[in-house]
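Load the model in a viewer and keep the selection tool at hand. The stops below go from one selection to the next.

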Amino acid sequence: MRRMRGVVLAVIALTGAMSLVACAKDAGRRGSVGGQAAACKLADKPELIPGLIATTTATGERIDGSHLRVGLAFDVGGRGDESFNDAAAAGIDRAKEELGITDVREVTASHQESEDVKQSRLRQLAQDGFNPIIAVGFSYADSLEAVAPEFPNVRFALVDATVEGAPNVTPLLFSEEQGSFLVGVAAAYKSRNCHVGFVGGVETPLIQKFEAGFLQGAKAAAPDIRVDVKYLTSAGDFSGFNDPEKATHSTRGLLDRGADVIYQAAGGSGKGVFAAVDDADGAMAIGVDSDQYKQKNLAAYRDVIITSMLKRVDVGVVDFLRAVAKNDLSAMPDVLNLKENGVDYATSGGKLDDIEDVLEAYKSQIIAGNIEVRDRPGA
Amino acid sequence: MGSLRGQLLPPVLAIAFAALLCTITLLISGANPGSALAAMVGQVGEGTTAVDIVNSASVYYLAALAVAIGFQMNLFNIGVEGQYRLAAVVAAVVGGAVALPTGVHAAFIIVVAALVGAAYAAIPAILKVTRNVHEVISTIMLNAIAAGIIAFMIRDDMFGVLRGNNISTAEIASSGWVPGVPLGGYGTLFGLAFLAVAVGIGYWVLMNRTRFGFELRAAGESPTAATAGGVNAKRMILVSMLLSGGVAGLVAMPELLGRDHTYLMTSPAGYGFTGIAIALLGRNHPAGIAFGALLWAFLDKSAVALDNVGVPKEIVTIMQGSIVLSVVVAYAVVRRFELRAEQRRVGQKLGGAEPAAATAGGAS
């Protein structure tokens with residue numbers, strides 16, 4: 001009996017010790033962020049070229065768009081995705097205020113739907129008298145190619161793609177790589193390990209633009225920096241844009257390897273990235289598309305969101321509606337770059353205040369054309 | 001089970017139950033079920049919706065037949081999804097690379113697709129007959145692998161072509177297209193919708209009018225009994241899986257050759273899973289499946305119309321899900337009911353008192 005008790009005690013002691021070791025290991029792993037590695041050796045910061053950065057977007061003149069009936073066809077996720085679609089939604093909301101638009105119908109795509117469904121969606125908007133109609137997402141490109149010629153008097157806008165041979169379709173293109181470059185610089189400056197990560201939703205050419213810019217920006221600011229890249233799903237499987245769980249696991253993998261600033265371009269999976277970053281000590285996250293620091297549903301993670309790469313779909317939408325209201329589309333730029341405020345970085349939360357001069361300097365260099373940002377990784 | 005009532009009652013009950021469930025859901029969410037129904041029915045007459053429904057139904061029909069062939073042999077081919085997508089991308093690549101005369105080109109692409117589908121289904125079939133690996137496990141895994149292969153094949157350094165932010169395979173020359181039936185403002189009916197009908201007829205003949213079909217169903221009901229009767233069950237597994245895969249390979253053909261002419265990164269996925277639901281709904285019967293495919297396509301298209309009138313389109317998914325669930329339950333209930341009725345009949349014929357076994361079996 002006594003021996004028995006000894007064995008039990010020994011077992012308890014052993015398991016206790018083992019769990020202590022496990023705890024220590026765990027703590028070590030979490031603590032490694034900021035621990036073993038040193039911050040980057042930064043490249044010299046470029047000169048700020050004055051006078052290039054537009055400070056205000058206001059055009060001054062008051063335009064009345066109250067006669068417009070706007071149709072808005074969202075991509076998968078729709079209003080409330082905290083990201084890409086919400087940026088378009090923000091544009092509509094602003095247009096309602098600024099242009100007095102009241103009649104808006106919003107419809108949303110389903111997950112990997114068939115082509116004819118997209119066409120019906122656009123066609124029904126046009127048939128119900130909506131004009132202009134804005135299609136959000138490049139997956140509407142083929143559908144618009146079919147539908148736009150059927151309604152030559154309806155003005156269409158297409159976010160993220162062009163349609164050849166359809167004069168009534170205005171493309172709204174953004175240089176995601178330029179904005180991503182700037183948050184890449186920010187990541188390099190903020191990283192304590194000189195090691196950052198990128199989480200992409202689906203490995204598509206569009207998301208690779210985000211990756212390419214981020215990579216180039218980080219390397220420009222800190223040539224020795226390590227950038228780990230992780231995509232949630234490969235091309236053709238769009239579940240990666242809506243799988244926060246998977247994003248959390250993948251992000252944890254990056255954090256465990258020592259990355260301490262994670263940039264995500266993962267649509268609805270983004271909150272999974274934030275959750276993982278929030279869990280790790282000292283790690284930081286960079287949002288995408290909308291100013292995610294301000295998103296209500298992401299408020300729990302706002303402490304770790306140091307900035308967001310803004311893809312100003314809202315600017316594109318408002319500019320387009322303004323142009324339609326004026327009946328003059330000639331002023332619409334081919335691509336919305338940094339120069340046109342089409343992409344930018346967010347400063348909400350004030351976590352970039354100390355390096356804003358650096359970012360502005362890089363920004364001016366890109367606008368001046370001294371830095372050319374690639375839109376494909378490794379190219 | 002053989003009676004017409006036994007065949008038709010469960011799906012009718014299931015659809016009625018699903019409709020009831022959706023009505024309640026709509027009422028709770030504050031939408032008007034009446035206007036939702038009006039939008040769903042009204043859309044059919046609008047624009048190209050009617051033709052779109054038939055077009056999509058032909059695609060679903062092929063997918064469901066592929067699943068049903070497996071079901072007849074008691075095989076659950078979840079891999080239709082992977083088989084059809086892989087077949088589509090290979091057929092698109094091959095079709096875009098070769099130059100053949102009109103007609104021959106299209107036929108060649110269709111044959112390639114069927115062969116690729118069959119070849120990809122051969123993997124779980126061989127694993128099953130040689131190593132007894134359950135086809136559910138192997139086909140699920142192969143679906144994931146197919147997604148990876150597709151992503152690899154449409155890379156722009158492989159066979160992919162960048163189209164703005166999209167990726168596609170090289171476009172198939174017009175000699176490889178299958179012209180549709182233009183119906184003016186109502187849209188264009190896929191030419192290959194007729195292929196779906198032909199496959200459906202072929203399926204019925206094969207299952208009901210050939211020795212092979214009889215052996216297949218027998219082996220599906222009871223492999224041991226069939227083996228005792230001289231049927232090679234392993235061969236049946238292999239052949240039915242290959243047939244299932246071959247039909248699965250055809251699933252994407254109506255859209256590929258009739259409309260898209262290229263496989264896009266954004267090409268739709270999920271037809272294989274839709275096929276499972278429709279095969280269940282149609283009880284593996286070619287006419288039942290046709291009805292199920294049309295219903296499914298109608299519900300899918302309704303999503304757009306509902307979205308347009310401000311009713312949450314997710315109601316369609318709820319409806320589809322509850323139909324499948326309740327159809328399974330309804331068949332079980334009706335079957336038990338009929339079994340009891342039959343036992344009672346038999347008991348009465350045997351002379352008055354109900355046999356104890358039947359009561360016990362029926363009441364459980």
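Select B:E255 and B:R259, whose side chains form a salt bridge (3.7 Å, N to O) in this predicted model. Both residues sit in helix α11 (residues 253-260) of chain B, 4 residues apart, about one turn of the helix. B:E255 is buried, at a relative accessible area of 5%.

Next, go to chain A and select A:K311 and A:D160, a salt bridge of 2.9 Å, N to O. This pair joins distant parts of the chain, 151 residues apart: A:K311 belongs to strand β10 (residues 305-311), and A:D160 to the loop between β4 (156-159) and β5 (169-174). A:K311 is buried, with 1% relative accessible area, and A:D160 is buried as well, with 3%.

Then select A:K190 and A:D354, which meet at 3.0 Å, N to O. A:K190 lies in helix α5 (residues 176-190) and A:D354 in the loop between β12 (343-345) and α10 (356-368), 164 residues apart. Here A:K190 is buried at 17%, whereas A:D354 is exposed at 52%.

For a salt-bridge network, select A:R94, A:E98, A:R312, A:D314 and A:R322.

Return to chain B for a nonpolar surface patch of about 550 Å²: B:F17, B:L20, B:L21, B:I24, B:I28 and B:I318. Helix α1 (residues 4-28) contributes the most, 5 residues. B:I318 is in helix α14 and is partly exposed, at 34%.

Finish at the largest pocket, with about 1000 Å³ of space. Of its 26 lining residues, B:Q7, B:Q72, B:E221, B:R283 and B:N284 are closest to the centre. The lining comprises 12 nonpolar, 8 polar and 6 charged residues.

Conventions: Residues are numbered from 1 along each chain as its sequence is written. Chains are lettered from A and ligands numbered from 1 in the order in which they are written. This is a predicted model: local features need pLDDT of at least 70, side-chain atom pairs count only at pLDDT 80 or more; totals for chains, interfaces and linings use all residues. Side-chain values use heavy atoms; hydrogens and water are left out. On a 1 Å grid over the protein atoms alone, a cavity is a set of points where a 1.4 Å probe fits but cannot get out, and a pocket is an open set with protein on both sides within 12 Å along at least five of seven lines; lining residues have an atom within 4 Å of a point. Grid points are joined across faces, edges and corners, and a volume is the space filled by probe spheres set on the points. Ala, Val, Leu, Ile, Met, Phe, Trp, Tyr, Cys and Pro count as nonpolar, Asp, Glu, Lys and Arg as charged, and the others, Gly among them, as polar. Patches are made of residues with over 30% relative accessible area and no salt bridge: like charges are joined within 9 Å, nonpolar side chains (Val, Leu, Ile, Met, Phe, Trp, Tyr) within 5 Å. Accessible areas come from the Shrake-Rupley method with a 1.4 Å probe; for residues, only the protein chains shown count as cover. A salt bridge is a side-chain nitrogen of Lys or Arg within 4 Å of a carboxyl oxygen of Asp or Glu. Helices (H or I, at least four residues) and strands (E, at least two) are DSSP runs, numbered from the N terminus. Buried means under 20% relative accessible area, exposed over 50%, partly exposed in between (1.4 Å probe, protein chains only).
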